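Here is a short tour of a single chain, taken region by region. Have the viewer open as you read.

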Amino acid sequence: MPILVPPVLPAGALARRAQPVIPAGDGLLLRPWHAADAPVVHAAFQDPVQRQWHGRFTESEDEARDWIETWRQDWAEESRATWAVADADTDEVVGRVGLREIHLEDACAEVAYWTVAASRGRGVAVTATEGLTRWAFEETGFHRLELMHSTANEASCRVATKAGYDLEGTRRDCVLHQDGWHDMHLHARVHQH
């Protein structure tokens, strides 16, 4: 079947180059994950607040290392792009930010983030999301980025709003959490060319 509209971003738009290190601002940078980061990932998912908003968790540092290897493969497959959010001076990992559900043909993806417990309330998620958004729009050519969170997750809603993602609506009973089905807010930004 002929395709009438060419892909906005061609296959290889991500994988043809190494995953970049992205300066995010405020002393933070986004960098590819390393196997040595496994203890931080494992510890982050032992936090009850983290578990409340995520459907999975790591049972061991070995499992966290497997996650990191999968994140590295996702870049090559152009299905996801995941970065460690790190202190630019110390390289201490303070969170994660990434693109999920990447659709190069439509130049759209979903933004996801989390922060380690000690970094909450310091603007880490906002700064990381803004840095990733700049890179996705200005350097890579994405057209639309979406962001979803449980309507009960007020902190995530504040992050989305502060990062310039407009609330577009509510997706009812959209994601199953440990305590049942959650309505999800859908936020988005569109690149203004």
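## Helix H4

Let's start with H4, a helix of 17 residues that spans 23 Å from its first C-alpha to its last, close to the 24 Å expected at 1.5 Å a residue. Bear in mind that this is a predicted model. H4 is mostly covered, with 13 of its 17 residues buried.

What happens just after H4? There, Gly141 takes a positive phi of about 100°.

Is Ser119 buried or exposed? Ser119 has a relative accessible area of 2%, and because the cut-off for buried is under 20%, Ser119 counts as buried. Arg120 comes out at 31% relative accessibility, so it is classed as partly exposed, given that this class runs between the 20% and 50% cut-offs.

Leaving out residues up to four places away in sequence, Ser119 touches Val94 and Val124. The side chain of Ser119 also makes a polar contact of 3.5 Å with the side chain of Arg122. With that same exclusion of residues up to four places away, Arg120 touches Asp47, Val49, Gln50 and Thr115. For a sense of scale, Arg120 and Ala18 are 30 Å apart in space, C-alpha to C-alpha, and 102 residues apart in sequence.

Over to the strands. S1 (residues 22-25) and S2 run antiparallel and are joined by three bridges. The hairpin of S1 and S2 has two residues between the strands, and Asp26 takes a positive phi near 50° in it.

S2 pairs with strand S3 (residues 81-87) too, in the antiparallel sense and over four bridges. Here, Leu28 has Asp87 as its bridge partner in S3. Which way do the side chains of S2 (residues 28-31) point? Leu28 and Leu30 point one way, Leu29 and Arg31 point the other way, and all are buried.

## The S7 and S8 hairpin

Another hairpin is made by S7 and S8, with two residues between them. S7 and strand S8 (residues 180-190) run antiparallel, with eight bridges joining them. To find your place in this pair, look for Thr170, whose bridge partner in S8 is His185.

## The largest pocket

How big is the volume of the largest pocket? It is about 1,300 Å³. The lining of the largest pocket has 43 residues, and Trp53, His54, Ala112, Tyr113 and Trp114 are the ones that lie nearest its centre.

Which element gives the largest share of the lining? That is S5, with six residues. At least two residues of the lining of the largest pocket come from each of helix H2 (48-53), helix H3 (61-77), strand S4 (93-103), S5, H4, strand S6 (144-150), helix H5 (154-162) and strand S7 (166-177).

How values were computed
Residues are numbered from 1 along each chain as its sequence is written. This is a predicted model: local features need pLDDT of at least 70, side-chain atom pairs count only at pLDDT 80 or more; totals for chains, interfaces and linings use all residues. Side-chain values use heavy atoms; hydrogens and water are left out. Buried means under 20% relative accessible area, exposed over 50%, partly exposed in between (1.4 Å probe, protein chains only). Contact means heavy atoms within 4.5 Å. The expected span of a helix is 1.5 Å times one less than its number of residues. A polar contact is a pair of N or O atoms within 3.5 Å; within protein, one must be able to donate a hydrogen and the other to accept it, and residues adjacent in sequence count only if both atoms are side-chain atoms. Two strands pair if DSSP finds at least two bridges between them. On a 1 Å grid over the protein atoms alone, a cavity is a set of points where a 1.4 Å probe fits but cannot get out, and a pocket is an open set with protein on both sides within 12 Å along at least five of seven lines; lining residues have an atom within 4 Å of a point. Grid points are joined across faces, edges and corners, and a volume is the space filled by probe spheres set on the points.
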